[in-house]
Amino acid sequence: MYNLLKGKKGIIFGALDENSIAWKTAERVHKEGGEFVLTNAPIAMRMGTINELAQKTGSQIIPADATSIEDLEQLITKSMDILGGKIDFVLHSIGMSINVRKGRHYTDQKYEWTQKGTDVSAMSFHKVMSVLYKKEAMNPWGSIVALSYMAAQRVFPDYNDMADNKAYLESVARSFGYFFGRDFKVRVNTISQSPTPTTAGTGVKGFEGFFAYADKMSPLGNATAQECADYTVSLFSDLTKKVTLQNLFHDGGFSNMGVSNAIMDSFMGEVS
Ligand SMILES: NC(=O)c1ccc[n+]([C@@H]2O[C@H](COP(=O)([O-])OP(=O)(O)OC[C@H]3O[C@@H](n4cnc5c(N)ncnc54)[C@H](O)[C@@H]3O)[C@@H](O)[C@H]2O)c1
């Protein structure tokens, strides 16, 4: 490894188990010399295996519900104590839709669930940044990254209300990113990642088809969670200091494809 993050300190949200994008990112950040606090919702502490990751990376865990300002305030204050100063990088790797989980169709949502999903998946990003901003917790040339999906721009019918949450998330990255850049020289970006087999990913109806289609459409194939971790490390490093307010596609080329030969081949014989 290259010590790309030596001396840098951060907070990583969303490592549930070894498949999580945040888990792979934490491992990769650790290898690059970065130090961090791990956090997840209190319920995820019971379900997941985050302790194992904390041991492996020499990190402390602070439970926090990312929808609670009080939890976030405590998390950020305690993290600065533990890490001995301000923060250089933050990963927001959080997503959840109750409509998706309970199989409720997009045209017939239960709006209490929609609101909860929006709060967890998108507004939480605003809340995290708001607490960081008010506490002046970020070092100059710090980097904040959240994870998104291309359903923010294009229709994927079974992605349900998560599509709207991702559009909101990406907008928050731009809007808050302006103030973070202007006032603290901190950059804010979203990474729009390929379908990835994680707990959140495989919870989407028809995930296997989704995954295989994207893989066949992309000249480089789907990007894995490990590759997403690598890309995220580059955004946390000083090699990308002037990249901000961007939604960065990390998808093997999928987002600029019309159709691939592999997909065309699967329709051969169907056209008369
Ligand atoms: N897996 C995919 O196909 C895919 C594709 C593009 C983008 N993403 C995005 O990547 C991010 C990470 O998801 P993942 O695929 O690694 O799945 P994951 O299920 O491993 O991670 C989702 C995390 O969100 C956390 N979370 C849920 N509610 C929370 C709350 N109230 N407070 C704090 N944390 C909470 C969960 O505990 C979990 O750790 C999400 O934003 C997801 O939408 C995933």
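This is a predicted model: local features need pLDDT of at least 70, side-chain atom pairs count only at pLDDT 80 or more; totals for chains, interfaces and linings use all residues.

Student: Is N165 buried or exposed?

Tutor: N165 has 2% relative accessibility. Buried means under 20%, so N165 counts as buried.

Student: What is N165 in contact with, leaving aside its neighbours within four places in sequence?

Tutor: N165 touches G117, T118, S121 and A122.

Student: And how do helix 6 and helix 7 run relative to each other?

Tutor: Their axes come within 8 Å and cross at roughly 5°. Angles under 35 degrees count as roughly parallel, so helix 6 and helix 7 are roughly parallel to each other.

Student: Which residues make that contact?

Tutor: On helix 6 they include G117, T118, S121, A122 and F125. On helix 7 they include N165, Y168, L169, V172 and F176. By class, the contact has 15 nonpolar, six polar and two charged residues.

Student: Changing topic: how much space lies in the largest pocket?

Tutor: About 1300 Å³. The lining of this pocket has 44 residues.

Student: Which of them lie nearest its centre?

Tutor: I94, G95, M96, T199 and A200.

Student: Which helices and strands supply at least two residues each of the lining?

Tutor: Helix 6 (111-134) and helix 7 (162-184) are among them. Strand 5 (138-148) is another, as are helices 2, 5, 8 and 9.

Student: How do the lining residues divide by class?

Tutor: Into 23 nonpolar, 17 polar and four charged.

Note on methods. Residues are numbered from 1 along each chain as its sequence is written. Side-chain values use heavy atoms; hydrogens and water are left out. On a 1 Å grid over the protein atoms alone, a cavity is a set of points where a 1.4 Å probe fits but cannot get out, and a pocket is an open set with protein on both sides within 12 Å along at least five of seven lines; lining residues have an atom within 4 Å of a point. Grid points are joined across faces, edges and corners, and a volume is the space filled by probe spheres set on the points. Helices (H or I, at least four residues) and strands (E, at least two) are DSSP runs, numbered from the N terminus. Ala, Val, Leu, Ile, Met, Phe, Trp, Tyr, Cys and Pro count as nonpolar, Asp, Glu, Lys and Arg as charged, and the others, Gly among them, as polar. Axes are lines fitted to C-alpha atoms, for helices over the stretch in contact, and angles run from 0 to 180 degrees between N-to-C directions. Angles under 35 degrees count as roughly parallel, over 145 as roughly antiparallel, 65 to 115 as roughly perpendicular and the rest as oblique. Contact means heavy atoms within 4.5 Å. Buried means under 20% relative accessible area, exposed over 50%, partly exposed in between (1.4 Å probe, protein chains only).
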